[in-house]
Amino acid sequence: QFYSGKLRIQHLADMIRVQLIRKYGGIWLDASIYCNGRIPEEYFQMPLYSIRGSEDPRFVSNNQWTTFAIGGHPENVLCGFLDDFFRAYCLTGKPFMDYYLFDCAIALAHRYLPAARNCLDALPKAEWDCYWLDAHLECPAVENDCANIPLFSKISWGRFVNQTPAEETLYKLLLKESYRGSENQYHPPRL
């Protein structure tokens with residue numbers, strides 16, 4: 001279905017992530033996630049992991065989970081359901097109906113599968129806003145800005161950031177901090 005155009009690259013990535021988590025466990029982070037430090041070991045110990053924010057009815061998820069940062073134990077009930085759901089959907093031969101199909105499938109699991117609902121409802125609420133960095137990348141850098149950057153930050157993939165700003169923006173500061181030292185060698189920012 002991918003080569004016929006019925007399956008977009010985003011949906012293929014959705015299918016791959018749930019299959020990998022179902023089989024091996026772990027946490028999937030989209031390429032648009034800025035990770036600001038080591039992932040705490042307790043996140044890997046959770047049967048299901050995702051970022052739970054403050055309720056927001058603008059999202060299918062009501063901001064109670066994210067698909068860009070999701071994980072759990074191998075064979076967890078939610079990823080098992082999602083893998084089966086996507087495989088069954090592909091068998092219909094129909095194009096994937098919506099970019100938010102992944103969230104819709106999780107909402108179905110939350111509504112109709114008590115074990116999935118229990119795991120989703122048990123997700124701890126994040127103490128940080130994963131969208132903060134995206135909103136502040138082009139702002140002038142202020143002392144202690146790096147301390148405000150959460151562990152996981154969602155950066156909009158369609159966003160243009162001025163790569164050579166004249167002023168010292170947070171984006172420029174992060175680039176300098178990430179590449180300090182040896183040329184072309186990555187170093188995580190000092191916090």
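Does Asn 63 count as buried or exposed, and at what relative accessibility? Asn 63 counts as buried, at 12% relative accessibility. Buried means under 20% relative accessible area, exposed means over 50%, and partly exposed lies in between, with a 1.4 Å probe and protein chains only.

The model is predicted: local features need pLDDT of at least 70, side-chain atom pairs count only at pLDDT 80 or more, and totals for chains, interfaces and linings use all residues. Residues are numbered from 1 along each chain as its sequence is written, and side-chain values use heavy atoms, with hydrogens and water left out.

Start with the overall layout. The protein chain holds 8 helices and 5 strands. Helices (H or I, at least four residues) and strands (E, at least two) are DSSP runs, numbered from the N terminus. From that end, the order of elements is α-β-β-α-β-β-α-α-α-α-α-β-α. Of the 191 residues in the chain, 40% are buried. Contacts are counted where heavy atoms lie within 4.5 Å. Among contacts with a separation of 6 or more, 64% join residues 24 or more positions apart.

Two strands pair if DSSP finds at least two bridges between them. Strand 3 and strand 4 run antiparallel and are joined by 3 bridges.

The largest nonpolar core has 34 residues. Such a core is a set of buried Ala, Val, Leu, Ile, Met, Phe, Trp, Tyr and Cys residues joined through side-chain atoms within 4.5 Å. Ile 51, Leu 78, Leu 82, Phe 86 and Ile 106 touch the most other members. At least two core residues come from each of helix 1 (9-24), strand 3 (48-50), strand 4 (69-72), helix 3 (77-91), helix 4 (101-112) and helix 5 (114-121). Helix 3 gives the largest share, 6 residues. Another core, of 11 residues, lies apart from this one; among its members are Ile 155, Leu 170, Tyr 171 and Leu 174.

Take Leu 78: leaving out residues up to four places away in sequence, Leu 78 touches Leu 48, Ile 70, Ile 106, Ala 109, Ala 116 and Leu 120.

Finally, back to the opening residue. Asn 63 sits in the loop between strand 3 and strand 4. Its phi is positive, near 65 degrees. Asn 62 is in the loop between strand 3 and strand 4, with a positive phi of about 55 degrees although it is not a glycine. Most residues other than glycine have a negative phi. Asn 62 is partly exposed, with a relative accessible area of 24%, whereas Asn 63 counts as buried.
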